[in-house]
Amino acid sequence: MDTGNGSMASLASQICNHIASIFSKPSIHPPALDLMVAELASIASQKGRVFLYGVGREGLMLKALCMRLAHLGLSAHFVFDMTTPPITSKDLLVASAGPGGFSTVDAICSVARSHGGRVLLLTAQPETGSSVKHANVVAYVAAQTMADDGGGEKSRALLPMGSVYEGAMFVLFEMVVYKLGEVLGESPEAIRARHTNLE
């Protein structure tokens, strides 16, 4: 189906505006951007490692963040990759449970804490999720997830199921990388030099 350039631009604008609105919602929680930059900068200053974990599309967003953290010079690892080292008390686990909890996220966070690691949890359910109890820091992303998508709408949603949360994660992570790069004093040249050349 040919939607035409005008329709494409309109859809793109609607999607981007919807995701942008997530970051202007009033909240009693500290901004996720500030929490993430502070935690990651602290780990970087201590020469600790960053571990990342999420399931499904949330996991894909965290893999993208993992890559960018490596470009910033941090020792970053996605849980279950073959070369993932053990977590220690100098390290940080960044995990996501948009709907509040997943059994695997709960388990990974619990193991990280039992080995002295710090846990930063991203979630849209900061008060009720099962994963929250395992976190040192909870970063609230005020977006719809699968848990909020009842599926009973008469018309098809532009961003169904967990798409709003996952899109917000991508945008949040790009902001984190930008701000963290400033804090760490990383130049664009240094970041580019760490990009793989095996492509």
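Q: A strand is a DSSP run of E at least two residues long, and strands are numbered from the N terminus. With that settled, where is Pro-85 found?
A: Pro-85 sits in the loop between E2 and E3. By the way, this is a predicted model.

Q: What is Pro-85 in contact with, leaving aside its neighbours within four places in sequence?
A: Contact takes heavy atoms within 4.5 Å. Arg-49, Phe-51 and His-77 are in contact with Pro-85. Look at Phe-51: it is 34 residues from Pro-85 in sequence, yet the two C-alpha atoms are 9.2 Å apart in space.

Q: That loop between E2 and E3 has Phe-80 too. What makes Phe-80 count as exposed?
A: The cut-off for exposed is over 50% relative accessible area. Phe-80 comes in at 62%, so it counts as exposed. Its phi is worth a look as well: near 85 degrees, a positive value in a residue other than glycine.

Q: What makes Val-137 count as buried?
A: Buried means under 20%. Val-137 has 10% relative accessibility, so it counts as buried. You'll find Val-137 in strand E5 (residues 137–140).

Q: What does Val-137 touch, not counting residues up to four places away in sequence?
A: Its partners are Leu-35, Glu-39, Arg-118, Val-119, Leu-120 and Leu-121. As for Leu-122, it is 15 residues from Val-137 in sequence and 8.7 Å from it in space, C-alpha to C-alpha.

Q: How many disulfides does the structure hold?
A: The count is 0. A disulfide needs two cysteine sulfur atoms within 2.5 Å. Take Cys-66: the closest cysteine sulfur, in Cys-109, is 15 Å from its own, so that is too far for a bond.

Q: And is Cys-66 buried or exposed?
A: The limit for buried is under 20%, and Cys-66 has a relative accessible area of 11%, so it is buried. Cys-66 belongs to H3, where the buried residues also include Leu-62, Leu-65 and Leu-69.

Q: What span is expected for H3, at 1.5 Å a residue?
A: Helix H3 (residues 56–71) has 16 residues, and 22 Å is expected. From its first C-alpha to its last, H3 reaches 23 Å, close to that value. Just after H3, Gly-73 takes a positive phi of about 100 degrees.

Q: How far apart are the end C-alpha atoms of helix H4?
A: They are 16 Å apart, and the 12 residues of H4 (103–114) should span 16 Å, so the two values agree.

Q: Which residues of H4 are buried?
A: Val-105, Asp-106, Ile-108, Cys-109 and Ala-112 are. The buried residues of H4 pack against strands E1 (49–53), E3 (92–96) and E4 (118–123).

Q: What kinds of residue make up the lining of the largest pocket?
A: The pocket itself holds about 250 Å³ of space. Of its 14 lining residues, Ile-22, Phe-23, Pro-31, Ala-32 and Tyr-140 are the closest to its centre. The lining divides into 11 nonpolar, 2 polar and 1 charged. Helices H2 (32–45) and H5 (163–184) each supply at least two of the lining residues.

Technical notes: Residues are numbered from 1 along each chain as its sequence is written. This is a predicted model: local features need pLDDT of at least 70, side-chain atom pairs count only at pLDDT 80 or more; totals for chains, interfaces and linings use all residues. Side-chain values use heavy atoms; hydrogens and water are left out. On a 1 Å grid over the protein atoms alone, a cavity is a set of points where a 1.4 Å probe fits but cannot get out, and a pocket is an open set with protein on both sides within 12 Å along at least five of seven lines; lining residues have an atom within 4 Å of a point. Grid points are joined across faces, edges and corners, and a volume is the space filled by probe spheres set on the points. Helices (H or I, at least four residues) and strands (E, at least two) are DSSP runs, numbered from the N terminus. Ala, Val, Leu, Ile, Met, Phe, Trp, Tyr, Cys and Pro count as nonpolar, Asp, Glu, Lys and Arg as charged, and the others, Gly among them, as polar. Buried means under 20% relative accessible area, exposed over 50%, partly exposed in between (1.4 Å probe, protein chains only). The expected span of a helix is 1.5 Å times one less than its number of residues.
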